[in-house]
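Dear colleague,

Please find below the structure that I am handing over to you. My notes on what was found in it follow directly after.

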Amino acid sequence: MLDLETKVHDESRQGEAYAPAVTGTQTYTKKFYIESYGCAMNFNDSEIVASILGQEGYGPTRNAEEASLILLNTCSIREKAEQTVRKRLTEFKKLKRETPGMLVGVLGCMAERIKGKLLEEEKLVDLVVGPDAYRSLPALIAEAETGQKSVNVLLSREETYGDISPVRLDNNGVTSFVSIMRGCNNMCTFCVVPFTRGRERSRDAYSIVREARELFDNGYREVTLLGQNVDSYYWTSADGSETITFAMLLEKVAQIDPLLRVRFSTSHPKDITDEVLFIMQRYENICNYIHLPVQSGSSRILQLMNRTYTREWYMKKVDRIKELLPDCGLSTDIICGFCTETEEDHQDTLSLMKYAQYDLAYMYFYSERPGTLAERRYDDDIPEEVKKRRLAEVVELHRKHSQAGMEREVGKTFKVLVEGTSKRSAEQLFGRNDQNKVIVFPKENFKKGDYVMVKVESCTSGTLIGKAVQ
C-alpha cells in the first residue's frame, strides 16, 4: 500500500493507455501501445517515450491488438503496482503468441529491479528499459526484432530529456506537468526511488521555461513543476556564469503570463525555503498549495526513516508557511506501521495531524520494498492487523479535518480554473481553486480554460459547490 514517489498515484489513471492530446494528420506504418502506472513522473515519461517513438515512425494506439510494440511504464513503489504489471504482462504474452513480430517491453522503475526475472525466468518481455535509457529505445527495438533480448537499465548523472518535447497525453487540455529534474539524493530508508531513478540532476532552466510557454501558447492554463524534490532544484549554466535555484525558476515560470497558473510537487520539508514562500507571496498566479510529506509524527521514527528533521522542526515549518501564506492549502503523505513503530509513535502522528490540519493526505500502511535501506537494516515487525488499525485511525482523523476544512470555505469566493464538465452532471463545470480544492458550479456560458469567480454555497467531504458571481 506504500506510495512514495512524486506525489501520489492518481488511482483513476493507473494502467491508462496513452493517446495524444492532439491527433495529428501523419499516418504511421507501425503502432505502439503504452500503459502507465505509478506517479505523475511516470505519466510524464510516457509522453517523452511517445516523442522518441514518433521520430522513429511509430504512432500511438489505444488498441493493443493492432500494436507492433507494447510497453508498460512501471512503478516499483508499491507491491500492488508490481502485481498489476505482472498480470498485464501475462495477458500480453498470450496476445503476442497470436501476433507474429509483436514486441513487449517494460519501462521505468521495475525495469532495473527485476529485469532478470522478466527476461529469463518468466520470459514475459523482449526488452527492458530503465528511466534514464529512453533515448536508446530505437536501437533496443531493432535488437529485439532480431530475436535478441535487449536491456538498458543504466542510470545517468546527466540525462534530463530537457531537449525532448513531450507529446502530451490525452488530458483535459488545460493542465499539464513539466518535469524539472530527475532522480533523488535523499536516502529515505523506506524508498526505492534513488535506486531506480538514480542521483538528482536538474534540467536546463530555459528549456523548462520554453516548454511551459509552449503549453500556454497551446491553450494550457496551468502547469505543475514536477520532481522528486523540487526544492533542491539547482541548475548551473555550462560556462558557470549563471545559477538558478528553485525559487528563481518558479519566478521565471510565473512571469510567462499572469493567466498561467503554476503549481509544484513535491517539496521535502528540509529543503523548502523562505525564498520560495516569498515568491509565492509575490505572484498571484502561483497557487497557494504545498505538498509537504511528513511520513510520521514521531521524531524517533523520522530518524529511522532518515528524513533528517524532527517533529518539532516540521511543526515550525508549518508555522512559517501559515505565517507567510495564511490561506495556503497543505497536504501530506503518512506511513503507518513503519518498523518498530509503537503506540506512542502512532499517537505522535495523530497529534501532529491535529496540529497541521491537512487539507489533503495520502495515507498508507508500510509495505517493505526490496532494495531499500529499510529492508537491509530493519525488521518489518509490525503485524498487518496493527498497521491496518492504525491506518484506519489516521484516515478517520483526516476525514474529520478535511470535512471541517471544506465547511470553512462555505460563503467564500474563489477564482476557479475550469478543467471540464462535472462527471455527475453535464450542466455543471468543475475546476480547482488556489488551494487545490475541487469546486463545481452551473455551466452557464463558461468553458474549459476560463477563470471564473465562484462563491461557495455548500460542500461535501471532497467537493465545494457554488455559483459563479460577477
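Of the 470 residues of the protein, 57% count as buried in this predicted model. Among contacts between residues at least 6 apart in sequence, 73% join residues that are at least 24 apart.

As to secondary structure, the protein holds 14 helices and 22 strands. Its radius of gyration is 22 Å, close to the 23 Å that the globule rule gives for 470 residues, so the protein is as compact as a globular protein of that length. Along the principal axes, the C-alpha atoms fill a box of roughly 65 × 55 × 55 Å.

A word on confidence is in order before the details. The mean pLDDT of the protein is 89, and 92% of the residues reach 70 or more. Residues 1–9, however, have a pLDDT below 50, although this stretch has 52 contacts in the model beyond near neighbours in sequence. Where pLDDT is low, the predicted coordinates should not be read in detail.

The barrel

Five strands close into a barrel with mixed pairing, in the order β18-β19-β20-β22-β21. From one strand to the next, the twist averages 50°. Helix α14, residues 384–409, packs on this sheet and touches β18 (413–421), β21 (451–459) and β22. The direction of α14 makes about 120° with that of β21.

The individual pairings may be followed around the barrel:

- β18 and β19 (residues 428–432) are antiparallel and paired over four bridges. The two strands form a hairpin with six residues between them, and T421 has L429 in β19 as its bridge partner.
- β20 (residues 438–442) and β22 (residues 464–468) run parallel and are joined by two bridges. Here I439 stands opposite L464, while V440 stands opposite I465.
- β21 and β22 pair in the antiparallel sense over five bridges. They too form a hairpin, with four residues between the strands, and S458 stands opposite I465 in β22.
- β18 and β21 run antiparallel, joined by five bridges. In this pair, F414 stands opposite V454 in β21.

The open sheet

Three strands form a separate description here: an open sheet in the order β8-β11-β14, with parallel pairing. Its edge strands are β8 (175–179) and β14 (261–265), each of which pairs on one side only. With direction ignored, neighbouring strands of this sheet are turned by 25° against each other on average. β8 and β11 (residues 222–226) run parallel, and five bridges join them. Within this pair, S179 stands opposite L226 in β11. Helix α7, residues 205–217, packs on the sheet and touches β8 and β11. The direction of α7 makes about 165° with that of β8.

A single residue

Finally, I draw your attention to G54, which is found in helix α1 (residues 40–55). G54 counts as partly exposed, with a relative accessibility of 22%. Between G54 and V418 there are 364 residues in sequence and 31 Å in space, taken from C-alpha to C-alpha.

With kind regards

Key: Residues numbered from 1 in each chain as written. Predicted model: local features only at pLDDT ≥ 70, side-chain atom pairs only at ≥ 80, totals over all residues. Heavy atoms only, no water. Pairing = 2+ DSSP bridges. Axes fitted to C-alpha atoms, helices over the stretch in contact; angles between N-to-C directions. Contact = heavy atoms within 4.5 Å. Rg over C-alpha atoms; globule rule 2.2 N^0.38 Å. Buried < 20%, exposed > 50% of the residue type's maximum accessible area, 1.4 Å probe, protein only. pLDDT = per-residue confidence, 0-100.
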